[in-house]
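Here is a friendly walk through one protein chain. Have the sequence and the 3D view ready, and follow along strand by strand.

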Amino acid sequence: MNQELTATVKGEVANLPLPLNAEDPLFAPYLSALANGELLIRQCAACDTQQWPPRPFCRNCQSSDFIWVQVLQTGTIASFSIAYRAFHPGYLDRLPAGTVLVDVEPGIRIAGRWTGKLDEIKIGARAELVVDEWAKHGVSAAWAPPQAK
Ligand SMILES: [Zn+2]
């Protein structure tokens, strides 16, 4: 059994949506870092321009030489949507489900699942990265209201 098929079977057993881009070098470091509660994005090694989502070439200088850098794990909700129908069996017991777009740096907007209460989602509200069970499996980022510390 090849590695990809093994991962698919494990994901189905756990009833988790699988990371769509786990084997893609443009996304794999990002998804691996999520499992550790870190948020990584790509930065051009030639001109330091940060970009997300990742593209093969820098949008500023067209270089294809990138490094991965850590960004803040908090940001501001720029937009959101709420799904009332499951697009994967793993969502059946999580409906309605919120998805938010969070600005963590100027020009860097990270999509993720909302794990807080749906009535807490407001454009302009603060959000904090959450390491839930799905994030530990590299499914996707998750966000919630910042916890008081
Ligand atoms: Zn560049």
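What you see is a predicted model, in which local features need pLDDT of at least 70 and side-chain atom pairs count only at pLDDT 80 or more, while totals for chains, interfaces and linings use all residues. Residues are numbered from 1 along each chain as its sequence is written.

The protein chain has three helices and eight strands; these are DSSP runs numbered from the N terminus, with helices (H or I) of at least four residues and strands (E) of at least two. Starting at the N terminus, the order is α-α-β-β-β-β-β-β-β-α-β. Of the 149 residues, 22% are buried, meaning that 20 or more other C-beta atoms, placed from the backbone, lie within 10 Å of the residue's own.

Now look at the pairing, where two strands count as paired if DSSP finds at least two bridges between them. Strand 5 (residues 97–105) meets strand 6 (residues 108–114) in the antiparallel sense through seven bridges, and D103 stands opposite R109 in strand 6. These two strands form a hairpin with two residues between them, and G107 in the turn has a positive phi of about 85°.

From strand 6, move on to strand 8 (residues 142–144): the two run parallel and are joined by two bridges. Here W114 stands opposite W143 in strand 8. W143 is also the bridge partner of L129, and strand 7 runs antiparallel to strand 8, with three bridges joining them.

Finally, strand 7 (residues 126–130) pairs with strand 4 (residues 74–83) in the antiparallel sense over three bridges. There, T76 stands opposite R126 in strand 7.

Methods: A residue is buried if 20 or more other C-beta atoms lie within 10 Å of its own, exposed if 12 or fewer, and partly exposed in between; C-beta atoms are placed from the backbone.
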